[in-house]
Structure formats: C-alpha cells, structure tokens
Amino acid sequence: MKQLLILAAGLVLAAPAALAQTTAPAPSSTATAAVSAGQRKAAEDLMLAMQMEKNTNSALDQMLTAQLTQRPELKPVEPEMRNFLTKYMGWASLKEDMVQLYASEFSEKELKDLTKFYSSSTGQKFIGKQSALMIAGMELSQRRMQENLPELQRSIEAKMKTTQQ
C-alpha cells in the first residue's frame with residue numbers, strides 16, 4: 001500500500017509538467033503585470049475560442065488514463081488521484097491564472113487577432129489536431145532517441161574511459 005501511495009504521488013507531481021505541454025507557453029517576467037479590463041476580456045474570449053476548458057480537462061483525463069494503463073496497480077486510488085488533479089489542475093482552478101498569463105503576454109489587439117484566428121475554420125482545425133500532432137511529435141522524438149541511443153552510450157563510455165586514465 002505504501003508503494004501505491006508513492007506511485008500516486010509521483011503521478012500527481014508529474015502532472016504539472018505534462019499539462020504545461022498542452023496548455024500554455026512558459027511565462028515571462030511580465031506574467032504578473034497589471035492588465036487592462038480590455039486585455040482581460042480579450043484573453044477570456046481567446047480562452048473560449050481555444051476551447052481551453054475542454055482541452056485542459058481532456059489532457060488531465062488522458063494523462064491519468066495513460067498512467068493507469070502503464071501502472072495498473074494505481075487503479076484502486078484512481079478516484080482520489082482524479083479528484084486531486086481536477087481540484088488543482090482542472091480548468092476551474094487554472095482559468096484565472098491562465099487569463100492573467102495570456103493578458104500579460106499579449107496586447108489587447110494581439111489577443112483579438114489570436115481569437116480571430118482560433119475562431120476561424122483553420123484555427124478550429126488546428127485546435128482539433130493539436131493534441132494528435134503533439135503526441136506524434138513526442139513519439140517521433142522518442143523514436144529518434146531510441147534509434148540513436150547507442151551513439152550516446154558510446155560517447156559517454158569513451159568520455160568515462162578518458163577521465164579514468
């Protein structure tokens with residue numbers, strides 16, 4: 001049971017990194033800057049156009065499902081993990097911070113331009129394919145790493161031999 005709790009805690013700790021890959025750009029030093037009411041409204045409109053609520057909650061669900069598939073021993077604590085992730089990483093808990101983040105990174109005009117794009121048929125197609133594209137990109141990266149891992153191992157072994165002499 002103790003190992004089960006450790007595994008569950010590990011999943012919860014990994015969640016922010018996994019979610020960050022699907023929800024937002026890295027914040028800059030302006031992330032806490034004051035924003036105008038217009039910027040805030042434009043950021044909220046952008047979040048709607050980008051379907052952030054649906055995509056954030058879907059990403060959490062996919063991440064948890066993947067973890068439970070990889071670690072079936074966590075299944076007994078799925079409800080607790082799901083409740084915790086929803087409470088702290090679900091859209092309801094992230095919305096205000098995300099609005100502030102986007103509003104502080106983009107001008108009101110830029111936010112409106114982004115909303116116009118994401119509201120277009122091309123923008124909506126991009127939103128619909130973004131998750132699959134990200135997964136395919138990660139799979140491509142993993143495949144490349146696996147294909148070339150022997151080269152890295154040889155390089156490390158050679159370096160270790162020269163430092164031991």
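This is a predicted model: local features need pLDDT of at least 70, side-chain atom pairs count only at pLDDT 80 or more; totals for chains, interfaces and linings use all residues.
Modeller: Residues are numbered from 1 along each chain as its sequence is written, and side-chain values use heavy atoms, with hydrogens and water left out.

Biologist: Are H2 and H6 roughly parallel or roughly perpendicular to each other?

Modeller: Helices are DSSP runs of H or I with at least four residues, numbered from the N terminus. Axes are lines fitted to C-alpha atoms over the stretch in contact, and angles run from 0 to 180 degrees between N-to-C directions. Helix H2 (residues 37-49) and helix H6 (residues 108-119) pack at about 15 degrees, with axes 9 Å apart. Angles under 35 degrees count as roughly parallel, over 145 as roughly antiparallel, 65 to 115 as roughly perpendicular and the rest as oblique, so H2 and H6 are roughly parallel.

Biologist: How do the residues of the contact of H2 with H6 divide by class?

Modeller: Contact means heavy atoms within 4.5 Å. On the H2 side, Gly38, Gln39, Ala42, Ala43, Asp45, Leu46 and Ala49 meet Glu108, Leu111, Lys112, Leu114, Thr115, Tyr118 and Ser119 of H6. Ala, Val, Leu, Ile, Met, Phe, Trp, Tyr, Cys and Pro count as nonpolar, Asp, Glu, Lys and Arg as charged, and the others, Gly among them, as polar. The residues of this contact divide into 7 nonpolar, 4 polar and 3 charged.

Biologist: Is Thr115 buried or exposed?

Modeller: Thr115 is found in helix H6 and touches Ala42, Asp45, Leu46 and Ala49, not counting residues up to four places away in sequence. Buried means under 20% relative accessible area, exposed over 50% and partly exposed in between, with a 1.4 Å probe and protein chains only. At 14% relative accessibility, Thr115 therefore counts as buried.

Biologist: Which residues of H7 make the contact with H6?

Modeller: H6 and helix H7 (residues 121-164) pack at about 80 degrees, with their axes 4 Å apart. That makes H6 roughly perpendicular to H7. From H6, Phe117, Tyr118 and Ser119 take part, and the residues of H7 are Ser121, Thr122, Gly123, Gln124, Phe126 and Ile127.

Biologist: What kind of aromatic pair do Phe84 and Tyr88 form?

Modeller: Rings of Phe, Tyr and Trp (its six-membered ring) pair if their centres lie within 6.5 Å; planes under 30 degrees apart count as stacked, over 60 as edge-to-face and the rest as tilted. The whole structure has 4 aromatic pairs. Phe84 and Tyr88 lie 4.8 Å centre to centre with 50 degrees between the planes, and their pair is tilted.

Biologist: What is phi of Gln51 near?

Modeller: Gln51 is placed in the loop between H2 and helix H3 (52-70). Most residues other than glycine have a negative phi. Gln51, a residue other than glycine, has a positive value, near 55 degrees.

Terms used:
Helices (H or I, at least four residues) and strands (E, at least two) are DSSP runs, numbered from the N terminus.
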